[in-house]
Amino acid sequence: MADETLRKIFAKKLNYYLTMSGKNQSDLCKYMKVSSATASDWCNANKMPRADKIQRIAKWLGVGIGDLMEDNPTKKELTSRDTKQIEKILEETREKLTSQEGLMFDGDPASPEAIDSILNAMEIGMEIAKKKNKEKYTPKKYKKD
């Protein structure tokens with residue numbers, strides 16, 4: 001697997017499990033004793049932590065190393081139609097965020113990294129919402145037990 005692909009999978013999974021556990025990048029920095037820039041690099045797929053750090057992160061999040069490194073569980077429950085809908089919404093949102101002059105984030109103009117972080121969080125949230133809606137609104141006769 002290509003290094004870039006692995007970094008993207010790790011970043012996506014890291015963001016997903018941070019959100020699911022109610023934690024954020026700041027918590028990650030404190031636990032791992034790294035700078036906010038390092039945590040941001042991990043969460044935005046710019047860099048990959050060493051294997052020992054991945055192991056510590058997995059333990060802290062209460063997941064296996066494979067959960068952070070393998071691209072499987074988070075999208076398998078979504079159909080290709082679901083994925084396309086999410087991608088379309090994210091692309092429309094990206095266009096709106098980048099086309100606005102003076103878009104501010106925390107009092108400063110939004111950087112491309114900030115916009116990427118917003119979109120990553122939105123993607124995770126939409127995936128979770130779609131999965132929960134599938135559980136809630138799928139008729140019993142179609143549910144797999």
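This is a predicted model: local features need pLDDT of at least 70, side-chain atom pairs count only at pLDDT 80 or more; totals for chains, interfaces and linings use all residues.
Close-up 1. Setting aside neighbours within four places in sequence, Leu68 is in contact with Ile9, Phe10, Lys13, Leu14, Tyr17, Ile54, Ile57, Ala58, Leu61 and Val63. Several of these names will come back in the next view, where Leu68 is listed together with Phe10, Leu14, Ile57 and Leu61.

**Close-up 2. The largest nonpolar core and a second one apart from it.** The largest core has 22 residues, and those touching the most other members are Phe10, Leu14, Leu28, Trp42, Ile57, Leu61 and Leu68. Which elements give two or more residues to this core? They are helix H1 (3–20), H2, helix H3 (36–43), H4, helix H5 (65–69) and helix H8 (112–137). Another core, of 7 residues, lies apart from this one, and its members include Leu78, Ile86, Leu97 and Leu119. As background, nonpolar side chains tend to be buried together in soluble globular proteins.

**Close-up 3. Tyr16 and Tyr17, one of the 2 aromatic pairs.** The model has a count of 2 aromatic pairs. In the pair shown here, the ring centres of Tyr16 and Tyr17 are 5.0 Å apart and the planes stand at 80°, so the arrangement is edge-to-face. Are these two tyrosines buried or exposed? Tyr16 is buried, at 13% relative accessible area, and Tyr17 counts as buried too, at 14%.

Close-up 4. Tyr31 is partly exposed, with a relative accessible area of 27%, whereas Trp60 is buried at 18%.

**Close-up 5. Cys29 and Cys43, two cysteines in no disulfide.** How many disulfides does the model have? The count comes to 0. For Cys29, the nearest cysteine sulfur is that of Cys43, 8.2 Å away; because a disulfide needs the two sulfur atoms within 2.5 Å, Cys29 is in no disulfide. Cys43 is likewise in no disulfide, its nearest cysteine sulfur being that of Cys29. Cys29 counts as buried at 13% relative accessibility, and Cys43 counts as buried at 1%.

Technical notes. Residues are numbered from 1 along each chain as its sequence is written. Side-chain values use heavy atoms; hydrogens and water are left out. Buried means under 20% relative accessible area, exposed over 50%, partly exposed in between (1.4 Å probe, protein chains only). Rings of Phe, Tyr and Trp (its six-membered ring) pair if their centres lie within 6.5 Å; planes under 30 degrees apart count as stacked, over 60 as edge-to-face and the rest as tilted. A nonpolar core is a set of buried Ala, Val, Leu, Ile, Met, Phe, Trp, Tyr and Cys residues joined through side-chain atoms within 4.5 Å. Helices (H or I, at least four residues) and strands (E, at least two) are DSSP runs, numbered from the N terminus. Contact means heavy atoms within 4.5 Å.
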